[in-house]
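The reader may wish to keep the sequence and the structure in view throughout.

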Amino acid sequence: MRRILGADLGERRIGLAVADRDGGRAMALITLRRSTPAQEAAAIARIAMEQEADELVVGLPLHASGATGTQAEITRDWVAALEPLVGLTITLRDERLSSHLAEERLGPMKRGRSGGPPSKTQRDAYRGRVDREAAAIILQDELDARAATQATQASQASKANGGTRTDDDMETTR
């Protein structure tokens with residue numbers, strides 16, 4: 001399998017995103033309603049199979065200082081309950097500001113009919129979009145961090161070889 005799922009875990013919803021493992025862009029996918037861990041695991045496992053994903057990156061809600069709090073512990077407990085049920089490798093990723101960034105990307109919530117306040121249905125739909133977009137941001141952050149690590153390792157390997165490029169390092173074109 002060559003894809004990765006990203007998840008933004010909330011109290012009411014789980015936003016999911018997907019990306020190709022080879023550095024593709026993360027795309028918002030779907031929002032699930034929270035239920036029991038077993039039902040959530042079954043839904044995530046089904047989506048992972050449909051998307052041909054073998055890993056799940058879950059956002060870890062740290063405080064601005066980087067300290068863990070109640071929500072981070074809830075997330076860790078959820079991951080511990082989910083991991084044996086989904087059959088996926090699960091990675092935790094710092095998600096500070098992901099929901100804020102998602103709201104900025106999506107723009108303000110649409111007004112209701114005749115310019116009034118949005119309806120409950122509109123608010124729920126908007127929150128679902130924010131959760132999916134936050135999952136995409138979390139997943140993209142993880143992919144970018146992995147790419148940066150690989151670039152650093154390649155640079156260090158090149159320096160270890162005396163700065164010379166080997167045939168394995170060179171790209172072949174026809």
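The paragraphs below go from the chain as a whole to the pocket, then to one glutamate and finally to the salt bridges.

## The chain as a whole

The model is predicted, and local features are described here for residues with pLDDT of at least 70. The protein chain holds four helices and five strands, and from the N terminus on these elements follow one another in the order β-β-β-α-β-α-β-α-α. Along its principal axes, the C-alpha trace spans about 65 × 40 × 40 Å. Of the 174 residues in the chain, 37% are buried, while the accessible surface comes to about 10600 Å², with 50% of that area belonging to carbon and sulfur atoms. Among contacts with a separation of 6 or more, 63% are made by residues 24 or more positions apart.

## The largest pocket

The largest pocket has a volume of about 330 Å³, and its lining consists of 15 residues, of which L9, G10, E11, R12 and Q71 lie nearest the centre. Two or more lining residues are given by each of β1 (3-9), α2 (70-86) and α4 (120-160), and the largest share, three residues, comes from α2. Sorted by class, the lining has eight charged, four polar and three nonpolar residues.

Once neighbours within four places in sequence are left aside, the residues in contact with E40 are I14, R34, S35, W78 and L82.

Side chains of opposite charge can pair when their charged atoms come close. In this model the count comes to 12 salt bridges, and three of them are set out in the table.

| Salt bridge | N to O distance |
|---|---|
| R21 and D54 | 2.3 Å |
| R21 and E55 | 3.1 Å |
| R146 and E142 | 2.8 Å |

R21 pairs with D54, and because R21 lies in the loop between β2 (13-20) and β3 (27-33) whereas D54 lies in strand β4 (residues 53-60), this bridge ties together parts that are 33 residues apart in sequence. R21 also forms a salt bridge with E55; since E55 too lies in strand β4, that pair ties together parts that are 34 residues apart in sequence. As for accessibility, R21 is partly exposed at a relative accessible area of 26%, and D54 is partly exposed at 28%, whereas E55, at 6% relative accessibility, counts as buried.

The bridge between R146 and E142 has another setting, in that both residues lie in helix α4, four residues apart, about one turn of the helix. R146 is partly exposed, with a relative accessible area of 27%, while E142 counts as buried at 9% relative accessibility.

Methods:
Residues are numbered from 1 along each chain as its sequence is written. This is a predicted model: local features need pLDDT of at least 70, side-chain atom pairs count only at pLDDT 80 or more; totals for chains, interfaces and linings use all residues. Side-chain values use heavy atoms; hydrogens and water are left out. On a 1 Å grid over the protein atoms alone, a cavity is a set of points where a 1.4 Å probe fits but cannot get out, and a pocket is an open set with protein on both sides within 12 Å along at least five of seven lines; lining residues have an atom within 4 Å of a point. Grid points are joined across faces, edges and corners, and a volume is the space filled by probe spheres set on the points. Ala, Val, Leu, Ile, Met, Phe, Trp, Tyr, Cys and Pro count as nonpolar, Asp, Glu, Lys and Arg as charged, and the others, Gly among them, as polar. Contact means heavy atoms within 4.5 Å. A salt bridge is a side-chain nitrogen of Lys or Arg within 4 Å of a carboxyl oxygen of Asp or Glu. Buried means under 20% relative accessible area, exposed over 50%, partly exposed in between (1.4 Å probe, protein chains only). Accessible areas come from the Shrake-Rupley method with a 1.4 Å probe; for residues, only the protein chains shown count as cover.
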